[in-house]
Amino acid sequence: MKQLSNKTIALTGAASGIGRALAIELANEGCHLALADKDSAGLEETQRTVQQIYSQPDATTAPKVTLHTMDVASKEQVDSWADAVVQAHGQVDLVINNAGVALSGSIEEITVEDFNWVFDVVFYGVLYGTKAFLPYLRQRPEAHIVNISSVNGFFPFPNNAPYNCAKHAVKALNQTLMQELRDSHIKVTSVHPGGIGTNIVNSSRFVGANDNEVHREKVKSSFQSVAKTTAETAAHVIIKGIKRDKQRLLVGRDAYVLDWLNRLFPQGFSNLVGRTMLKNSTAKT
């Protein structure tokens, strides 16, 4: 999809982080935006920023922006959102399933309910969004699905099983879609960001031995030290990848390093990272 101007984009997780940065980047491209999130206040802040872009003196168009407060973990709400987007905008050309949550704890300590909470948002939210918009995307002369996976989608980290598994599932969903939509006009991009400077760790849930203030601060500090890619840079890379119809998109230098090491040492590197992280976690808490 080389030209994004005047295209209608449906975007989840638009209230903050990569989602907000994507909304701003897409606004600069002259896109019509259907922005969704559970955080209505955050959505309104994103909308104000977008409208400032559209009101600049050199802006040649004033694309339409609609806000949709909803929970991607609810199939009914996502289905209703898709219908509402088309009703409001008349069409949809690109869907970006970006919403996500995280939880820290060992598999032994995590409850099934904890696991499902992450999976419902991180995987099923993507599945619901993909299926809800596919019939509408088929009506367009060209269309695109962008599903945000992660480096966790091909490389797991300890005490992060629900997120690891959900992002692996998103990757598998994306690759299956690429196979099934190969002869159609719908392109699919599987996005794998590394450490991105967003608020996801600050809003994570912690359970079991990890549920203490010392560990929370250690995790946040550790993440901040490695999350060198800004949300704005990530959004720029993603938009560039969409324009090039990239199927697999790594975001951040660390994503490329992890991908390379994982290919060279598919089990050994995982063992080393897990052993090191768990040792450091035990020593510091």
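Is Phe 155 buried or exposed? Phe 155 is buried, as its relative accessible area is 0% (buried means under 20%, exposed over 50%, and partly exposed in between, with a 1.4 Å probe and protein chains only).

1. What you are looking at. This is a predicted model, where local features need pLDDT of at least 70 and side-chain atom pairs count only at pLDDT 80 or more, while totals for chains, interfaces and linings use all residues. Residues are numbered from 1 along each chain as its sequence is written, and side-chain values use heavy atoms, leaving out hydrogens and water.

2. The core. In the largest nonpolar core there are 41 residues, and Trp 81, Phe 133, Leu 137 and Ile 145 have the most contacts inside it. (Such a core is a set of buried Ala, Val, Leu, Ile, Met, Phe, Trp, Tyr and Cys residues joined through side-chain atoms within 4.5 Å.) H4 gives the most to this core, with 11 residues. Helices here are DSSP runs of H or I with at least four residues, strands are E runs with at least two, and both are numbered from the N terminus.

3. Aromatic pairs. The count comes to eight, with rings of Phe, Tyr and Trp (its six-membered ring) pairing if their centres lie within 6.5 Å; planes under 30 degrees apart are stacked, over 60 edge-to-face, and the rest tilted. Trp 81 and Phe 133 are edge-to-face, because their ring centres are 4.9 Å apart and their planes at 80 degrees. This pair links distant parts of the chain, with Trp 81 in helix H3 (residues 75-89) and Phe 133 in helix H4 (residues 112-137), 52 residues apart. Both Trp 81 and Phe 133 are buried. Phe 155 and Phe 157 are also edge-to-face, with centres 5.2 Å apart and planes at 70 degrees.

4. Salt bridges. Lys 243 and Glu 29 form one, with their closest N and O atoms 2.8 Å apart. Lys 243 lies in helix H7 (residues 231-243) and Glu 29 in the loop between helix H1 (17-28) and S2, so this bridge ties together parts 214 residues apart in sequence.

5. Arg 248. This residue meets Asp 259 in a salt bridge (2.9 Å, N to O). Arg 248 is partly exposed at 33% relative accessibility, whereas Asp 259 is buried at 10%. Shared partners join Arg 248, Asp 259 and Arg 263 into one salt-bridge network.

Conventions
A salt bridge is a side-chain nitrogen of Lys or Arg within 4 Å of a carboxyl oxygen of Asp or Glu.
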